[in-house]
Amino acid sequence: MPVIKFVKEKIEVEVPRGANLREEAIKAGVNVYDGLNGFGKNINKYLNCHGLGQCGMCRVLITKGMENTSPMGTAERWRFRVPVPTPLTPLALDPLPCLAFVGHEDTMRLACKTIVNGDIEVETGPPLDLFGENFFS
Ligand code: FES
């Protein structure tokens, strides 16, 4: 059975092959809704699209084992590349998934759209570095 290691929380869980990353995080008590560098972390647990791939707030970094996850689908690509508001989450800061994706194209995923097929390591709440060298380049 695949193992998901939540690095920041120091939690490891064994999951069935084909498990949804967001659902397994919730079961393990891990909050994948970090908001903007921790701001909004608690309210975002409730103000999100609940796994529809629309809000982009469940973004995480797969720091190891990306090859053991499902490929990125259309909804996920769209959420990371198109900074438009979604009617499902009017209170969400919609451009943020696109901004956060810059510089993390190889590791960032939406937890709700990621299927786990093998061992992975996950970093929740990746920080948004508005002044990093990659941001405006
Ligand atoms: S829960 Fe909204 S995008 Fe994943």
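In which sense do strand 1 and strand 7 pair, and over how many bridges? Strand 1, residues 3-6, and strand 7, residues 120-124, pair in the parallel sense, over three bridges. Two strands pair here if DSSP finds at least two bridges between them. Helices (H or I, at least four residues) and strands (E, at least two) are DSSP runs, numbered from the N terminus.

Before I go on, two remarks on the source. This is a predicted model: local features need pLDDT of at least 70, side-chain atom pairs count only at pLDDT 80 or more, and totals for chains, interfaces and linings use all residues. Residues are numbered from 1 along each chain as its sequence is written.

The overall layout, then. The protein has four helices and seven strands. Read from the N terminus, the elements run β-β-β-α-α-β-α-α-β-β-β.

Five strands form an open sheet with mixed pairing, in the order 2-1-7-4-5. Strand 2, residues 11-14, and strand 5 stand at the edges with a single partner strand each, so one side of each has no neighbour in the sheet. From one strand to the next the twist averages 35°; the axes behind that angle are lines fitted to C-alpha atoms, for helices over the stretch in contact, and angles run from 0 to 180 degrees between N-to-C directions.

I will go through the sheet from the strand 2 end. Strand 1 and strand 2 run antiparallel and are joined by four bridges, with Phe6 opposite Ile11 of strand 2. Their hairpin has four residues between the strands, and in it Lys10 takes a positive phi near 55°.

What about the faces? Strand 1 has Ile4 and Phe6 on a covered face, with Val3 and Lys5 on an uncovered one. In strand 7 the covered face is Ile120, Val122 and Thr124, and the uncovered one is Glu121 and Glu123.

A residue is buried if 20 or more other C-beta atoms lie within 10 Å of its own, exposed if 12 or fewer, and partly exposed in between, with C-beta atoms placed from the backbone. Of the 137 residues, 30% count as buried. A nonpolar core is a set of buried Ala, Val, Leu, Ile, Met, Phe, Trp, Tyr and Cys residues joined through C-beta atoms within 7 Å. The largest one has 23 residues, and those touching the most other members are Ile4, Ala25, Val32, Cys58, Val60, Ala111 and Val122. Strand 1, helix 1 (21-27), strand 4, strand 5 and strand 7 each give two or more residues to this core. Strand 4 provides the largest share, three residues.

Take Ala111 as an example. Two residues are in contact if their C-beta atoms, placed from the backbone, lie within 7 Å. Leaving aside neighbours within four places in sequence, Ala111 is in contact with Leu21, Arg22, Ala25, Val32, Cys58 and Val60. Across the protein, among contacts between residues at least 6 apart in sequence, 70% join residues at least 24 apart.

Last, helix 3, residues 74-81. Its buried residues are Glu76, Arg79 and Phe80. They lie on the same side of helix 3 because they cover an arc of only 95° around the axis; that arc is taken over the directions from the helix axis to the C-beta atoms. Thr74 and Arg81, on the other side of helix 3, are exposed. The cover over the buried residues includes helix 4 (96-101) and strand 5 (108-110).

Cys98 is found in helix 4. Is Cys98 buried, exposed or partly exposed? Cys98 counts as partly exposed, because it has 15 C-beta neighbours inside 10 Å. Leaving aside neighbours within four places in sequence, Cys98 is in contact with Phe80, Arg81 and Pro83. Cys98 and Phe80 are 18 residues apart in sequence but 4.6 Å apart in space, C-alpha to C-alpha.
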